[in-house]
Structures are given as structure tokens and as C-alpha cells.
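Me: I've got a structure to look at and I'm new to this. Can we go through it step by step?

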Amino acid sequence: MPLLDKYKDAVTNPANEPFDNVIKRNNYSFGGFYKILHDDVLVGAFCIYWKEET
């Protein structure tokens with residue numbers, strides 16, 4: 001939230017994303033949601049999705 005307040009980037013900032021979207025992404029069966037911790041403090045997160053080659 002502090003960076004959202006500072007940069008006013010409401011369209012792209014994850015802090016402004018609806019919580020339902022976070023839950024859907026977290027429960028997606030073809031990928032993973034990973035937290036980045038530093039000294040047991042959450043400092044970031046990312047998602048990876050599996051995609052079959054065609």
C-alpha cells in the first residue's frame with residue numbers, strides 16, 4: 001500500500017487487485033503461487049503457470 005499511495009499506479013499495482021483474483025490465482029491447479037520472505041517478512045510474491053507445448 002505505501003507504494004500504491006506514493007506512485008498512484010492503481011491500474012498495475014497488485015495492492016489494488018481485487019482479493020477474489022488473488023484467491024483464484026492461488027487455487028489455480030495448473031500453477032503455483034510463491035511468497036518471497038526476508039527475515040520472515042513477506043516482501044513479494046509471484047505466480048508460475050504450467051503450459052503444455054503445442
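Me: How many helices and strands are in the chain?

Reply: There are 2 helices and 2 strands. Helices (H or I, at least four residues) and strands (E, at least two) are DSSP runs, numbered from the N terminus. Along the sequence the pattern reads α-α-β-β.

Me: Is the chain spread out or a compact globule?

Reply: The chain is more spread out than a compact globule, because its radius of gyration is 14 Å, well over the 10 Å that the globule rule gives for 54 residues. That radius is taken over C-alpha atoms, and the rule is 2.2 Å times the number of residues to the power 0.38. The C-alpha atoms fill a box of roughly 40 × 30 × 20 Å along the principal axes.

Me: Before we go on, what kind of model is it?

Reply: This is a predicted model: local features need pLDDT of at least 70, side-chain atom pairs count only at pLDDT 80 or more, and totals for chains, interfaces and linings use all residues. Residues are numbered from 1 along each chain as its sequence is written, and side-chain values use heavy atoms, with hydrogens and water left out.

Me: OK. What share of the residues count as buried?

Reply: Of the 54 residues, 6% count as buried. Buried means under 20% relative accessible area, exposed means over 50%, and partly exposed is in between (1.4 Å probe, protein chains only).

Me: What about contacts between residues 24 or more positions apart?

Reply: They account for 2% of the contacts with a separation of 6 or more. Contact means heavy atoms within 4.5 Å.

Me: Now the strands. In which sense do β1 and β2 pair?

Reply: Antiparallel, over 8 bridges. Two strands pair if DSSP finds at least two bridges between them. β1 covers 31-38 and β2 covers 41-49. They form a hairpin with 2 residues between them.

Me: Which residues face each other there?

Reply: Two examples. K35 has A45 in β2 as its bridge partner. G32 stands opposite I48 in β2.

Me: And G31, what does that one touch?

Reply: G31 is in strand β1. Not counting residues up to four places away in sequence, G31 touches I48, Y49 and W50. G31 and Y49 are 18 residues apart in sequence, yet 4.0 Å apart in space, C-alpha to C-alpha.

Me: Where is K8, and what is its phi?

Reply: K8 sits in the loop between α1 (2-7) and α2. Its phi is near 55 degrees, a positive value in a residue other than glycine. K8 counts as exposed, at 63% relative accessibility.

Me: How about D9, buried or partly exposed?

Reply: Partly exposed, at 25% relative accessibility. D9 is also in the loop between α1 and α2. Leaving out residues up to four places away in sequence, D9 touches L3 and L4.

Me: New topic. Which residues form the nonpolar patch on the surface?

Reply: Y28, F30, Y34, I36, V41, V43, F46, I48, Y49 and W50, with about 1,000 Å² of accessible area together. Like charges are joined within 9 Å, and nonpolar side chains (Val, Leu, Ile, Met, Phe, Trp, Tyr) within 5 Å.

Me: Which element gives the most to that patch?

Reply: β2, with 5 residues. β1 and β2 each supply at least two. F30 is in the loop between α2 (19-26) and β1.

Definitions and conventions. Patches are made of residues with over 30% relative accessible area and no salt bridge: like charges are joined within 9 Å, nonpolar side chains (Val, Leu, Ile, Met, Phe, Trp, Tyr) within 5 Å. Accessible areas come from the Shrake-Rupley method with a 1.4 Å probe; for residues, only the protein chains shown count as cover. A salt bridge is a side-chain nitrogen of Lys or Arg within 4 Å of a carboxyl oxygen of Asp or Glu.
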